[in-house]
Amino acid sequence: MKTIGILTSGGDAPGMNSAIRAAVRTALNSGLRIKGIRNGYDGLMQGDIYEMNVSSVADIIHKGGTILGTARSLEFETPEGQKRGAQILNDYGIEGLIVIGGDGSFKGAKALSDLGINTIGIPGTIDNDMGYTDFTIGFFTAIETVTDAIGKLRDTSSSHGRAVVIEVMGRHCGDLALYSGLAGGAESIIVPEHNFSISEIIDKMEHGRKRGKLHHLITLAEGVGDPYSLAKELEEKTGIETKVTILGHVQRGGSPSAVDRLLGSSMGSRAVRLLEEGKTNLAIGYVDGSIIEVSIDEAVSKRSEFDEKLYELANSLSR
């Protein structure tokens, strides 16, 4: 192994830059060359590849997003495109590849591994929706971002005596809504892992109003339901003015938390070591306080387990 490549793919996540930095410096300290691939698999297909050095990753550990950029590629999703991608890597002398992203990015890494390119995946997504690892890079920073927003919305909601539905990211995983809802003191948390009862939310709103509570905060994982329809129904049935706030892509930005910097640094360095050992088709994770690796096949197939105890705690504390 003389030359490795690195790319970020899918949605960006705070902490990706710490993983890039660690991979680059670990590779250079080991006498390896490392090449950055701009804009994910799309950049790979375009041959947008450049030599990286120590200066390439100076002063980036505190920056959100990814200095390499990220983009999706429809061409790379085809078998023909994947073969062309592997050939481009061969043409640039890249023998091993580090892919930072979510499950879709990992599937691309698996395809390249099958075509003879040693690949290692690092989980970078704020959704925390990869079941083989306890946490993904970017998740904790997103929690902080949402929790901060909840606090600000509590201030204005209390001033006006309102309820507010706060839609957060997560798709099929309710972790971001759960963790930020608990940390932010939300009265109701709606996640895809549980059917929610609008009557229970109404009961909480009315009970809170009777004991003098001026606000009611609801975190809603995107895709569970229409936040505007929910707000309208709650307002009609309780008489409490109910607003909607969709946080959107603000959740992906911001300086990464210390935890995400530590995770990124540890995983980025481990990825290089695994490639040095000739390993391939592996995904790095974090389980019970330790950095681990599993096959990419296991990483993309294992379902994320919802923390039922944390959900019960959130419900008990909001009564």
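Reader: Where in the chain does arginine 171 lie?

Author: In this predicted model, arginine 171 sits in the loop that runs between strand E6 (163-168) and helix H6 (175-184).

Reader: Why is arginine 171 called partly exposed?

Author: Its relative accessibility is 45%. Buried means under 20% and exposed means over 50%, with partly exposed in between, so arginine 171 counts as partly exposed.

Reader: Which residues does arginine 171 touch, not counting residues up to four places away in sequence?

Author: Asp127, Asp129, Pro192 and Glu222. Contact here means heavy atoms within 4.5 Å.

Reader: What makes Arg252 and Asp12 a salt bridge?

Author: The closest N and O atoms of arginine 252 and aspartate 12 are 4.0 Å apart. The cut-off is a Lys or Arg side-chain nitrogen within 4 Å of a carboxyl oxygen of Asp or Glu, so the pair is counted as a salt bridge.

Reader: How is the protein divided into domains?

Author: Domain 1 covers 3-137 + 256-301, and domain 2 covers 139-252. Their centres, taken over C-alpha atoms, are separated by 34 Å.

Reader: What area do domain 1 and domain 2 bury between them?

Author: About 1,300 Å², with 56% of it on carbon and sulfur atoms. Of the area that domain 1 buries against domain 2, Ile126, Asp127 and Phe135 supply 44%, more than any other three residues.

Reader: How many residues are in contact across the two domains?

Author: 15 residues of domain 1 are in contact with 13 residues of domain 2. Between the domains there are also one salt bridge and five residue pairs in polar contact, both residues at pLDDT 80 or more.

Key. Residues numbered from 1 in each chain as written. Predicted model: local features only at pLDDT ≥ 70, side-chain atom pairs only at ≥ 80, totals over all residues. Heavy atoms only, no water. Helix = DSSP H or I, 4+ residues; strand = E, 2+ residues; numbered from the N terminus. Buried < 20%, exposed > 50% of the residue type's maximum accessible area, 1.4 Å probe, protein only. Domains from an automatic or database assignment. Buried area = accessible area lost by both parts, 1.4 Å probe. Polar contact = N/O pair within 3.5 Å; in protein donor to acceptor, adjacent residues only side chain to side chain.
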